[in-house]
Amino acid sequence: MKNGKRNHETKIPYLIDTQDGALEGVLDLETMSDDELITRLFEIPEAISEIVYRELAQELDNTKE
Amino acid sequence: LPADSDAATRESSKKEYIDAIDKMLESHRASFDSNGTMRAYKFEAIPYREDGILSKAEIAKLNAPYQAAANKPENRSKPAPGSLSARVDKLTKSIAASVPKLDENFISNLPGNWRVISDGSSLVNRLLSVSKSSLLGIEPSSSPGESKARTLPIVARALDRFMAQRTKGLYTEIVNGRGDVIRVYAQARNNGAIATNEDIKYTSASLDKIRSQVSAIKPITLSIVGPSSLLPSGSGSGNSRAMGYAFPGGGGHILPNRIDRNNLSGGEYNPATSWHSVPQNNYQDGFEHTAIHEVGHVMMYQYWGTDSWLDNGMSNLESDYRKYGVLGQKISLYGQKSVAEHFAEAFARYVSTGDATSEFRDLLRSKGLLKSQKKGA
């Protein structure tokens, strides 16, 4: 990788409205499992960006080895 | 014909120029129809190009029917068998077969020119586009051809895994002419739609209400999702009672199965005692309130900041709440939780009833969102 950095947002805040009140938190794509990223492939555009990043990082690791 | 075209160009007559090009295209198309001896005509999606005579808008308008024709499945060029493109094409068809089937006739009769997109290609094309721009962001020196060659296998593998999971994250999109999108997700265990026609009708009605009451808003995506689907993990017991959720880039989400059908908070609205800012006397009221409340969160992200941690969206909103005197105003018990919830509740009340305090109107006015700021209002 030329610059080795992610080019997408990885911390995505969310708000959940429940019958009892509101909850808030952050989705962290960097720590998300591959399976969960795949599940969210069509929901969060950044999911495919994170997958692309991980594949490129893997390629780079393989090159080093 | 080229001579006609040149003459028209010299006279700067766009009409004649366009007529000349139309004739040329027609003649070209007709030449492929003779005796079946020539190869089948391949649709050219963008016959009009920038040439210094037509504006970009005129070119887009003239190309629109050609692009629509080229997008029809029978006119698409077929990738070579066994190629990566063929694999992605096959996966696209597999997605098209798996997305929920909706009542297209019902949807096309809803007010607002809604239509169903269920061929899978728009979803896959979006993936390819985002993945290419991601690669170019990480490796700016990659050429467009190189980026396609590198991202296509990544997308193909991701799609393979997605389809192998028989995932719940698949949806059919319904779009209107303003760029708004309703996503209807699939049931967790089959390809049926989470939403009923009634739910889709209430979602489109909610968007219509927002459009008629709020000025200058960007396209909105509202998703109708299932109870066990895509809630962010780690949100604890709230998952089981969630009615809706929102996040930047993802739009608003509604869980119709959680909308209260029985224990409704109807009666007179009172900001001190009412749970929500709009009385809810039936399922439609509850559904539309949730939909508009979630869009309120989306608007908040769009106009005050998409990320409360990186661009201080919540701080910006809170600062404006102070500036315009909205902070501390009562809107509903639900709205007491935070500025974000207050905004969504006040927004929902404004959209549903037209009622808002002068301070909240000033806040909306500051972003050009007030109904009276609509063009022609």
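Two strands are said to pair if DSSP finds at least two bridges between them, and the strands themselves (E, at least two residues), like the helices (H or I, at least four), are DSSP runs numbered from the N terminus. The structure described here is a predicted model, in which local features need pLDDT of at least 70 and side-chain atom pairs count only at pLDDT 80 or more, while totals for chains, interfaces and linings use all residues. Residues are numbered from 1 along each chain as its sequence is written, chains are lettered from A in the order in which they are written, and side-chain values use heavy atoms, with hydrogens and water left out.

**Strand β3 of chain B and its partners**

In β4(B), the bridge partner of B:Arg183 is B:Ser223, and this belongs to a parallel pairing in which 4 bridges join β3(B) to strand β4 (residues 221-224) of chain B. β3(B) also pairs with strand β2 (residues 171-175) of chain B, here in the antiparallel sense and over 5 bridges, with B:Ile182 of β3(B) as the bridge partner of B:Ile174. β2(B) and β3(B) form a hairpin with 5 residues between them, and B:Gly179 in the turn has a positive phi of about 90°.

In a regular strand the side chains alternate between the two faces of the sheet. In β3(B), B:Val181, B:Arg183 and B:Tyr185 point one way, whereas B:Ile182 and B:Val184 point the other way. Of the 5 residues of this strand (181-185), 5 are buried, where buried means under 20% relative accessible area, exposed over 50% and partly exposed in between, with a 1.4 Å probe and protein chains only.

A:Glu43 is found in the loop between α1 (34-39) and α2 (45-64) of chain A, and it counts as buried because its relative accessibility is 2%. Its side chain makes the polar contacts listed below, a polar contact being a pair of N or O atoms within 3.5 Å, of which, within protein, one must be able to donate a hydrogen and the other to accept it, while residues adjacent in sequence count only if both atoms are side-chain atoms.

| Side chain | Partner side chain | Polar contact |
|---|---|---|
| A:Glu43 | B:Tyr245 | 3.4 Å |
| A:Glu43 | B:His253 | 3.4 Å |

**A bent helix**

Helix α3 (residues 56-71) of chain B has a kink of about 40° at B:Ala64, shortly before the proline B:Pro65, the bend at a residue being the angle between axes fitted to the seven residues ending there and the seven starting there.
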